[in-house]
Amino acid sequence: MARQLREVQGIIFKRQKYHEADLLAKIMTEKNGIITLLARGALKSKSKLGASLLNFSYGTYVIYSSGHGLSTLRTYKNVKQFDGLYDDLIKNAYASFILDLIDHAFIEYQDLGRYYDLAKFALQKINFGTDPEMITQIVQMQLLAAYGVEPELRSCVICGEKQGEFDYSIKNGGILCSKHFYADPGRLHLKPKETAVLRTIFLLPFNKLGDIKIKSPTKKATRRAIDRIYQETIDLNLKTKKFLDELKLTD
């Protein structure tokens, strides 16, 4: 496909120096997937491109693109920034991890579908002060399907029971009702309330989630459960996750 001039709406989430004065930046777009942009001369003192490529900037970017490989940034329109994410180390760390997770679930130019809206929802919520830990857990649970690991959380994976007490079984790929706990001695041994939180943040559309107030012990338990699910089914090794661990935000 020939290179064409096009406008894309999206969120900048990674950037690095390229050659002497150029920048490479990744943008998560609404309709064109994840694109790597080359901004020539963006690091020169007279260039205005660099300011538009700060992490957590969002707006309209005018690019030359062939639909694969590097695209070239020409100019931009109405670019703003999630200032609360850029200026706050903790918010920044969670937001970076979320976008990194989405980045690793897709190849470049692959349509993100509802996950673009999920990313935007997450950044807006964290930017305005919603508990970043719970927002991150929501993204992690809802992103499992994009990794090809969609668990069954509507009903017991063995008998289909939808009511009662449940626990999560990684081996069986979803929840077990109390009558079938025996089927997996290595299940996560979560308390009923903890399993209920996992079910809620996975099943409810993210745009219908209201204020999220989860007590610290429950939040820690669901965090550890989600970490195990990812470790044993996807096995990612992300620097952004390691940074969260170093900040002792995910003990």
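**Close-ups of a predicted model**

**View 1. Helices H2 and H4, side by side.** H2 and H4 pack at about 5°, and their axes sit 10 Å apart. Axes here are lines fitted to C-alpha atoms, for helices over the stretch in contact, with angles running from 0 to 180 degrees between N-to-C directions. Helices are DSSP runs of H or I with at least four residues, strands are E runs of at least two, and both are numbered from the N terminus. This is a predicted model, where local features need pLDDT of at least 70 and side-chain atom pairs count only at pLDDT 80 or more, while totals for chains, interfaces and linings use all residues. Residues are numbered from 1 along each chain as its sequence is written, and side-chain values use heavy atoms, with hydrogens and water left out.

**View 2. Who meets whom between H2 and H4.** From H2 come Tyr94, Phe97, Ile98, Leu101, Ile102 and Ala105, which meet Pro132, Glu133, Ile135, Thr136, Val139, Gln140 and Leu143 of H4. Contact means heavy atoms within 4.5 Å. Sorted by class, this contact has 10 nonpolar, two polar and one charged residues (Ala, Val, Leu, Ile, Met, Phe, Trp, Tyr, Cys and Pro count as nonpolar, Asp, Glu, Lys and Arg as charged, and the others, Gly among them, as polar).

**View 3. Asp103, tucked into H2.** Asp103 belongs to helix H2 and counts as buried because its relative accessibility is 7%. Buried is under 20% relative accessible area, exposed over 50%, and partly exposed in between (1.4 Å probe, protein chains only). Not counting residues up to four places away in sequence, Asp103 touches Phe13, Lys14, Lys26, Met28 and Ile34. Gly33 is 70 residues from Asp103 in sequence, yet their C-alpha atoms are 9.5 Å apart.

**View 4. Helix H6 and its packing partners.** H6 covers residues 216-233, 18 residues in total, and reaches 26 Å from first C-alpha to last, close to the 26 Å expected at 1.5 Å a residue. That expected span is 1.5 Å times one less than the number of residues. Its buried residues, including Ala221, Ile226 and Tyr230, pack against H2, H4, strand S6, H5 and H7. Just past H6, Asp235 takes a positive phi of about 60°.

**View 5. Tyr230 up close.** Leaving aside neighbours within four places in sequence, Tyr230 is in contact with Leu101, Gln140, Leu143, Leu144, Tyr147, Asp235 and Leu236.
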